[in-house]
Amino acid sequence: MEKVSWGIIGCGNVTEVKSGPAFQQVPDSSLVAVMRRDGAKAADYAQRHRVPKWYNRAEDLIADPDVTALYIATPPAFHEKYTIAALEAGKPVYVEKPFSSSLDGCYRMQAAAKKSGIPLCIAHYRRALPKFLAIKKILEQEVIGKVCTVQIRMNLPDQSVELAARGENNWRILPAISGGGIFFDLAPHQLDLLIYFFGQAIDHNGTATNQAGLYEAEDTVSGIARLPNGIEFSGEWHFCAPNTIKEDLFEIKGTSGRMIFSTFGHDLTIISVSGEEKIEFAPPQHIQQPMIEKVTQYFLGKGPNPCSAEEAIHSFLLMDAFTRKYYHRD
């Protein structure tokens, strides 16, 4: 390919600003078709975003000869079906996180990509944002010394009420569709960064419970892990917390300082022997655009895979361990 002509399967809310428009702005990339089961909504999206074609059947979009690569932005339970169908049709795939609704599904998609030899990339897009690239460089330069411990804390009020108020479908709290509640929606970003910064976990364990009883999925999760180079990790997620303790914390402590930042905000605080420095990063208008640029170059054979199936499976393993699902490979 000299240019990537994208088709989107699942042109819902996540594609309105975060990702969809970026496919038209990245070099060597264009968005040529979209699909949604509700044909009227697909047609409306296509008209508003100036996309030439729309479909209400994924099979028809995948078969379109003008579509050379797929972005799959459906709920996780449908990732496997559409990813494997696209790979079997010889078309590279960029699939949303979490990779699947089950670890077995991740492994099957990984196997399909390996068998077909077709590129597969997972949308852990924070890897490409300037803030997290800067953090990775600071860690490599040992500005805070050798890393000793890492901690993630997330305390949020019940999300189901907010989703309903926005008119969104609450599939995120249905384990059969999402994989496991709000934890499976938000923690992939945090745990992928953990893997991106420090490498694959050596050992891991955790526990999960449903404290508020507002829906089927777990709303409280905790986990620990050993990372390479003797780094100890601990994390806690609470999705029925009072507003008074709302928190999004990622803290890295080293032998001569520490870094504190939020995964979903734009702040970074560095405390080292040189003193304290606070930095604010301006996010791109379309948050996935830096990642989509890297994925496009990868699909064109001009760059490495910015997030492979193997890397995405490492963070999924942590989610499974912390929620004690322990799905196993077929």
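**Exercise 1.** Work out what follows α2 and what sits at its start.

*Solution.* Helices here are DSSP runs of H or I with at least four residues, strands are E runs of at least two, and both are numbered from the N terminus. This is a predicted model, where local features need pLDDT of at least 70, side-chain atom pairs count only at pLDDT 80 or more, and totals for chains, interfaces and linings use all residues. Residues are numbered from 1 along each chain as its sequence is written, and side-chain values use heavy atoms, leaving out hydrogens and water. Now go to the start of α2: a side-chain oxygen of D38 comes to within 3.1 Å of the backbone nitrogen of A40.

**Exercise 2.** Sort the residues of α2 into buried and exposed, then find what the buried ones pack against.

*Solution.* Buried means under 20% relative accessible area, exposed over 50%, with partly exposed in between (1.4 Å probe, protein chains only).

- Step 1: α2 spans residues 39–48, and G39, A42, Y45 and A46 are buried.
- Step 2: These residues sit on the same side of α2 because they cover an arc of only 125° around the axis (taken from the directions from the helix axis to the C-beta atoms).
- Step 3: A40 and Q47, on the other side of α2, are exposed.
- Step 4: For the packing, count contacts as heavy atoms within 4.5 Å. The buried residues of α2 pack against β1 (4–9), β2 (29–35) and β3 (53–55).

Notes
Polar contact = N/O pair within 3.5 Å; in protein donor to acceptor, adjacent residues only side chain to side chain.
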